[in-house]
Amino acid sequence: MKIPTIVIHSDPEDVVAAVLGDVRGVSVIHLDELTRNWRVQEAGIIEPVLEKSIPSMCSSYIINRVFDLSCTEIGKRLRTFRLHENWAYTALGSVLSRAHALAHGIGPRGVSRSLLPLNVQWKLISERIPDIRTPQFAFGFGHRMPDMSHLDKFVQKSVWSYFRWNGDSDVVEGEQQWHPFFVEQPQGTPIICSYHGEAFTLSFPKGRPKADLGVFPALVYACRELFDNRMAEILVYQEDESLTFCACSPYMAGVGELREREQLLLRGVPSS
Amino acid sequence: MRTSIEDLRRAIEDPCRTVDVCSVLLDAWFEVAPRRLGEALSRFRDERLENQERVENFERTFKQLDAAARRRLLGSPWVSGFMDDPDGVSHEDTDGMPVTTIEALHLAAMAECPVAPIHDEMGKFHQGRGVESPLGEWVIRRHESGFEKVERAKVGGVITLDVDSGLARRNEPESGTFCNPYLSISSEELAVIQEKLEAAIRLVDEATPHLGLLIRTFTRRVLVRKSIELGDQASPLNLGSEYRPIHAGCIRILNVHRPEMTVDICAEAILHESVHSYLSAYEEVHGKFMSGAIRVRPVSPWSGNFIPNHSLAHAVFVYYAIHQLLGRLVGIGAGIGEESGRRMKRRLMHVAGGFFIERKISTLFVLESPASLQLMAVVDEIQEEIRAEYSQRMPGETPESAA
């Protein structure tokens, strides 16, 4: 029997929240609802006060999709009181501490393992799966441009943008000149692996390649472990016999397009 | 006696240990400094024929120095500046002419000679370049009527306040502070700066005297850069500070003349950069904490910025020390005024917030080769200690009915 599941999301457009919104046994809560009565004060620790209407987190499986606080009410209050956002994540962590399991880590990007920069993902995955390739890149420091002489057909990318690889600029304001990041575009055929727990499904936006796809169970396992993501999408490129790992994204932006989206998301819910 | 990484932590936390740890470390630093300078000079001499004479000139002067003068020279930025870039330019002289690092080193040594600065050897060599003591406490300035020896102001009794030397005017594109323009500081502004920095060190002394001692042991000169006029608008105003090991013992602070740069912010900046200097001294003696490679970098849990692994290791000790300072200041009040008190409480929570992440800080490092187990253990212990301080105040979830 699947255990009760709660989706907590910070993005009003969150795809997983939308897919699971009407599913029996799953509660979906926006972070603003959860934090409505939290006590936030200047130079103080945040006290998470919970309303009775919020389902109990105790022994539930929490799909915690709080990847960004900037557009949330709690984020606004943090800015008002100039409090470090870690205090909000700490309060969230205390609320979720009695859950059966969490889908993702808790914390801001770069600090939470669920939201690592691309080049850190590449380093960790290539250490774990030596046969897989990762893109060549160059990373500047501050305003200093990196040496790009070893790169061929490269683009400037955001180190935080996991799934934009079509060469269009995904560099947000400020990133152009600050820690500039350049990447060789991967060659071959893209494959997206959407997974939840041990369940996964593959999709082929540009056609199915002929090669052996048996590496995916190990890749899913590695991403769950390394990136603290029980649920994510993995983008790889297949060229000849080799696979290039591009990213593991907890945002699940493409899951809404999958025919079996609801089944996939429910199959990954742990059993009691 | 060897300083361990645990000692580095203890000196910050336990006032009874600070004197011992700091003095042992400083002595060890002065033991390795001449050997490392000798090696750097030897390499430099062997590189090109014309370097031989330069090195010999320096060595001839060095031999004339007594033990105290040699120590002053070795503790100066001219030695670390030369070792960092033996073929490079140190700074520009008052006429805008570049002074190489070997020239700067030689000039500093000559300034310590008992007969300097009127030594014959200095004559033409010093034209337009002034004569300055290695640690910058005094400078000989040329006037139409002759020479005048000017003592620079000191803060905290021993730290030279330098707003106008070649070093203080230096342009460094890769620096966070010295990439900003250099504007000259008036005597009125200098008085404000001195008073503010003095008050800042008093604040540290009052709250955490052992950290005042650490500052005085590892900071010999504070370089203040003015990059914006008093009345000019800038948003955000750059109030940064910095320590770069290329100039050992010198900390840099921006725009102290501005009212936005308050005494409490200055106190934090001085302690912050002095802890970097303290840790760098340890690394000079015992080897780097870890590689300074920057190809893959962790994210700082304090700023959210990409920083090198090595800087993250420093940051843990720096914020540990600042947490001590701010925690004590907030606790004792220290007559700092309501606005300063509020600001310090906010800063204290920000500093503590960096330690409140779900992971151990040791797991944030992204290294090519394994880090020192001792360093990782100390980093995690520091995080645990800070977290434990707040654990009593950490709420569990509170149901609405009990609220």
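# A tour of chains A and B

Begin by selecting strand S11 (residues 231–239) of chain A, which pairs with S12(A) in the antiparallel sense over seven bridges. Helices (H or I, at least four residues) and strands (E, at least two) are DSSP runs numbered from the N terminus, and two strands count as paired if DSSP finds at least two bridges between them. Before you go on, note that this is a predicted model, in which local features need pLDDT of at least 70 and side-chain atom pairs count only at pLDDT 80 or more, while totals for chains, interfaces and linings use all residues. Residues are numbered from 1 along each chain as its sequence is written, and chains are lettered from A and ligands numbered from 1 in the order in which they are written.

## The four-stranded sheet of chain A

Within the pair you have selected, pick Ile234(A), whose bridge partner in S12(A) is Cys248(A). Now widen the selection to the open sheet of four strands, which has the order S10-S9-S11-S12 in chain A with antiparallel pairing. At the edges you will find strand S10 (199–203) and strand S12 (242–249) of chain A, each with a single partner strand, so one side of each is left without a neighbour in the sheet. On average, neighbouring strands of this sheet are turned by 25° against each other, direction ignored.

Is Val171(A) buried or exposed? Val171(A) is buried, with 20 other C-beta atoms within 10 Å; a residue is called buried if 20 or more other C-beta atoms lie within 10 Å of its own, exposed if 12 or fewer, and partly exposed in between, with C-beta atoms placed from the backbone. Leaving aside residues up to four places away in sequence, Val171(A) touches Gln156(A), Lys157(A), Ser158(A) and Gln176(A), where contact means that the C-beta atoms of two residues, placed from the backbone, lie within 7 Å.

Now colour chain A by its two domains, domain 1 (5–102) and domain 2 (113–267), whose bounds come from an automatic or database domain assignment. Their C-alpha centres lie 27 Å apart. Eight residues of domain 1 of chain A are in contact with twelve residues of domain 2 of chain A, and helix H1 (residues 15–20) of chain A gives the most to the domain 1 side, with five residues.

## Into chain B

Move to chain B, whose secondary structure comes to 13 helices and eleven strands. Of its 403 residues, 43% count as buried.

Select helix H9 (residues 209–218) of chain B, where seven of the ten residues are buried, so H9(B) is largely enclosed by the rest of the structure. Among these buried residues are His210(B), Leu214(B) and Phe218(B), and the buried residues of H9(B) pack against helix H1 (5–13), helix H2 (15–47), helix H8 (187–207), helix H10 (263–286) and helix H11 (309–332) of chain B.

Continue to strand S8 (residues 221–225) of chain B, in which five of the five residues are buried, so this strand too is largely enclosed by the rest of the structure. Arg221(B), Leu223(B) and Arg225(B) point one way from S8(B), while Val222(B) and Val224(B) point the other way. Strand S7 (residues 159–162) of chain B pairs with S8(B) in the parallel sense over three bridges, and Thr160(B) has Arg221(B) as its bridge partner in S8(B). Five bridges join S8(B) to strand S10 (residues 250–254) of chain B, again running parallel, and there the partner of Val222(B) is Ile251(B).

## Where the chains meet

Finally, show both chains together: which numbers of residues make the contact between chain B and chain A? The contact takes 30 residues from chain B and 33 residues from chain A. On the side of chain B that touches chain A, the largest share, seven residues, comes from H12(B), which covers residues 338–355.

Conventions
Axes fitted to C-alpha atoms, helices over the stretch in contact; angles between N-to-C directions.
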